[in-house]
Amino acid sequence: MKLFSKYFIFTLVSVLFINISATAAEPEPSQTKGIKESSKINKENTLQIENLLNFAYRFKGVPYRLGANGPHRFDCSGFTSYVFKAFGYKLARRASLQVHNGKRVERGNLQPGDLVFFGGRSNRGGIGHVGIITEVDANGHDFHFIHASTRNGITVNHSSDSYYRARYRGACRVIQPAEPELSLLDGIEEIKINAINE
């Protein structure tokens, strides 16, 4: 009977492991443009980021106005606040404070949906501008971002543009990877308890 019980537990653990592996399958390629394969971001996060970026793109061409929160005029932090608020995230109103609304991200680990920060026009140390990364290049270092530009309103630029390259200050991740609901260890403990009770 003990041998049967051990075999039964082993079989159940194997089935549970196969089911967990199957549910952790890679997201569809259409949802992962620019998102690294090593990312812990799951399907739900990927879809939310994709929807957030599609929403941001709807405002392309909307004019810039200092202090404006949208939707007909935006400044840089007004734009990022407006976009993230539509998805349930409250950001500080100033670019220099939004850097604290997420987890800091190293340059080589950037993802679409991350906030990206730059120095202002004077480029004297502090943060003066913010945008949202839309796509990360294959080198993992450079990226496209959507933001409220004083000249062009809501527009997309590239980090290699000389103006932004010289002013890069860092990035943070507001949309964090979701925690899995059930770990493999939780499943094993439940199986052991059930086996003992029988």
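Trainee: Which residues is Leu-52 in contact with, leaving aside its neighbours within four places in sequence?

Mentor: Leaving those neighbours aside, Leu-52 is in contact with Val-83, Phe-84, Phe-87, Ile-132 and Ile-175. Contact here means heavy atoms within 4.5 Å. Keep in mind that this is a predicted model: local features need pLDDT of at least 70 and side-chain atom pairs count only at pLDDT 80 or more, while totals for chains, interfaces and linings use all residues. Residues are numbered from 1 along each chain as its sequence is written, and side-chain values use heavy atoms, with hydrogens and water left out.

Trainee: OK, where does Leu-52 lie? And what is its relative accessible area?

Mentor: Leu-52 lies in helix α2. Helices (H or I, at least four residues) and strands (E, at least two) are DSSP runs, numbered from the N terminus. The relative accessible area of Leu-52 is 0%, so this residue counts as buried. The cut-offs are under 20% for buried, over 50% for exposed and in between for partly exposed, with a 1.4 Å probe and protein chains only.

Trainee: How far apart are Leu-52 and Ala-86, in sequence and in space?

Mentor: They are 34 residues apart in sequence, yet 8.2 Å apart in space, going from C-alpha to C-alpha.

Trainee: Now the nonpolar side. How many residues has the largest nonpolar core?

Mentor: It has 25 residues, and the ones with the most contacts inside it are Phe-79, Phe-84, Leu-115, Ile-132 and Ile-154. A nonpolar core is a set of buried Ala, Val, Leu, Ile, Met, Phe, Trp, Tyr and Cys residues joined through side-chain atoms within 4.5 Å. Two or more residues of this core come from each of α2, α3, β2, β3 and β4. The largest share, 5 residues, is from α2. Apart from this core lies another one, of 11 residues, including Leu-110, Phe-118, Val-136 and Tyr-168.

Trainee: Let's zoom out. How many helices and strands are there in the protein chain?

Mentor: There are 6 helices and 6 strands. Along the sequence, the pattern reads α-α-α-α-β-β-β-β-β-α-β-α. The chain has 198 residues, and 39% of them count as buried.

Trainee: Switching to charges: how many salt bridges does a search of the whole structure find?

Mentor: The search finds 3. A salt bridge is a side-chain nitrogen of Lys or Arg within 4 Å of a carboxyl oxygen of Asp or Glu. One of them joins Arg-93 and Asp-75, with the closest N and O atoms 3.1 Å apart. Arg-93 sits in the loop between α3 and α4 and Asp-75 in the loop between α2 and α3, 18 residues apart.

Trainee: Arg-93 and Asp-75: buried or partly exposed?

Mentor: Arg-93 is at 31% relative accessibility, so it counts as partly exposed. Asp-75 is at 7%, so that one counts as buried.

Trainee: Which residue does Arg-107 form a salt bridge with?

Mentor: Its partner is Asp-142, and the closest N and O atoms are 3.5 Å apart. Arg-107 is in the loop between β1 (103–105) and β2 and Asp-142 in the loop between β3 and β4, so the pair ties together parts that are 35 residues apart in sequence. Arg-107 and Asp-142 are both buried.

Trainee: And where does Arg-173 come in?

Mentor: Arg-173 meets Asp-114 in a salt bridge at 2.8 Å, N to O. Arg-173 is in strand β6 (residues 168–173) and Asp-114 in the loop between β1 and β2, 59 residues apart. Both are buried.
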